[in-house]
Amino acid sequence: MTPEGKVKKEVIAYLEELGAYYFMPVTGGYGRSGVPDIVACLYGNFVGIECKAGNNQPTALQEKNLKAIRSAGGLSFCVNSVKVLREQLESDFERLE
C-alpha cells in the first residue's frame with residue numbers, strides 16, 4: 001500500500017466511526033479530474049477530503065476544486081493524517097454550531 005493509500009484508509013476508518021456517508025470518486029475517462037479523494041456527507045454537511053502523504057501538497061487543479069467546494073458552502077480539506085482531519089473538522093463544526 002502506498003503512503004497516500006495508508007492515509008486514505010485511516011481517513012475512511014475515521015469517517016466510518018463518525019457515521020459519515022462517503023465515497024471515493026473515480027477520475028479519468030468520463031470522471032472529472034481534480035476532485036477530492038474522498039467525498040462525504042457528515043452531520044448534514046458536504047465534505048471534500050484530499051489525502052496526501054508526508055508534506056505533499058495538492059495540485060493546482062485539486063486546490064481549485066477544494067476552493068470551489070468551500071465557495072459553494074461545503075467543507076474541504078487537504079490532510080496527511082487523521083489527526084489533522086480531526087482538528088479541521090472540530091474547528092469547522094464549532095463554527096457551524
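Reader: Which residues is Leu-42 in contact with, leaving aside its neighbours within four places in sequence?

Author: This is a predicted model. In it, Leu-42 is in contact with Leu-18, Ala-20, Val-47, Leu-89 and Phe-93, once neighbours within four places in sequence are set aside. Leu-42 itself lies in strand β2.

Reader: What makes Leu-42 count as buried?

Author: Its relative accessibility is 2%. Buried means under 20%. Leu-42 therefore counts as buried.

Reader: How far apart are Leu-42 and Gly-19, in sequence and in space?

Author: They are 23 residues apart in sequence. From C-alpha to C-alpha, the distance is 7.5 Å. Gly-19 follows helix α1, and its phi is positive, near 80°.

Reader: How do you know how far α1 reaches, and what is that set against?

Author: Helix α1 spans residues 3-18 and has 16 residues. From first C-alpha to last, α1 reaches 23 Å. The buried residues in α1 include Val-7, Val-11, Tyr-14 and Leu-15.

Reader: Which element gives the most to the largest nonpolar core?

Author: That core has 19 residues. Val-11, Ile-49, Phe-77 and Leu-85 have the most contacts inside it. Two or more residues come from each of α1, β2, β3, β4 and α3 (82-96). α1 gives the most, with 5 residues.

Reader: What does Leu-85 touch, not counting residues up to four places away in sequence?

Author: Leu-85 touches Val-11, Tyr-14, Ile-49, Phe-77 and Val-79.

Reader: Now helix α2. How do you know that its buried residues are on the same side?

Author: The buried residues of α2 are Gln-62, Asn-65, Leu-66 and Ile-69. They cover an arc of only 100° around the axis, so they sit on the same side of α2. An α-helix has 3.6 residues a turn, so residues three or four places apart point the same way.

Reader: What is on the other side of α2, and what covers the buried residues?

Author: On the other side, Ala-60, Lys-64 and Ser-71 are exposed. The cover over the buried residues includes β3 (45-51) and β4 (75-79).

Reader: What are the length and the reach of α2?

Author: α2 covers residues 60-71, which is 12 residues. Its reach from first C-alpha to last is 16 Å, close to the 16 Å expected at 1.5 Å a residue. Just after α2 comes Gly-73, with a positive phi of about 100°.

Reader: Why is Lys-52 called buried?

Author: Its relative accessible area is 9%. The cut-off for buried is under 20%. Lys-52 is therefore buried. Its place is in the loop between β3 and α2.

Reader: What makes the link between Lys-52 and Gln-62 a polar contact?

Author: The distance is 3.1 Å, between their side chains. A polar contact needs a pair of N or O atoms within 3.5 Å. So the link counts as a polar contact. Leaving aside neighbours within four places in sequence, Lys-52 is in contact with residues including Glu-4, Val-7, Gln-57, Pro-58 and Cys-78.

Reader: Is Tyr-43 buried or exposed, and how do you know?

Author: Its relative accessible area is 55%. Exposed means over 50%. Tyr-43 is therefore exposed.

Reader: Which side chain has a polar atom 3.0 Å from the backbone oxygen of Tyr-43?

Author: That of Asn-45. Asn-45 is found in strand β3. At 19% relative accessibility, Asn-45 counts as buried, because the cut-off is under 20%. The C-alpha atoms of Asn-45 and Gly-73 are separated by 8.7 Å, although 28 residues apart along the chain.

Reader: Why is the pair of Tyr-21 and Phe-23 called tilted?

Author: The structure holds 1 aromatic pair. The ring centres of Tyr-21 and Phe-23 are 6.2 Å apart, and the planes are at 55°. Pairing needs centres within 6.5 Å. Planes under 30 degrees apart would be stacked, and over 60 edge-to-face.

Reader: How do you know whether Tyr-21 and Phe-23 are exposed or partly exposed?

Author: Exposed means over 50%, and buried under 20%. Tyr-21 has 56% relative accessibility, so Tyr-21 counts as exposed. Phe-23 has a relative accessible area of 37%, so Phe-23 is partly exposed.

Technical notes:
Residues are numbered from 1 along each chain as its sequence is written. This is a predicted model: local features need pLDDT of at least 70, side-chain atom pairs count only at pLDDT 80 or more; totals for chains, interfaces and linings use all residues. Side-chain values use heavy atoms; hydrogens and water are left out. Rings of Phe, Tyr and Trp (its six-membered ring) pair if their centres lie within 6.5 Å; planes under 30 degrees apart count as stacked, over 60 as edge-to-face and the rest as tilted. Buried means under 20% relative accessible area, exposed over 50%, partly exposed in between (1.4 Å probe, protein chains only). Helices (H or I, at least four residues) and strands (E, at least two) are DSSP runs, numbered from the N terminus. The expected span of a helix is 1.5 Å times one less than its number of residues. The arc is that of the directions from the helix axis to the C-beta atoms. Contact means heavy atoms within 4.5 Å. A nonpolar core is a set of buried Ala, Val, Leu, Ile, Met, Phe, Trp, Tyr and Cys residues joined through side-chain atoms within 4.5 Å. A polar contact is a pair of N or O atoms within 3.5 Å; within protein, one must be able to donate a hydrogen and the other to accept it, and residues adjacent in sequence count only if both atoms are side-chain atoms.
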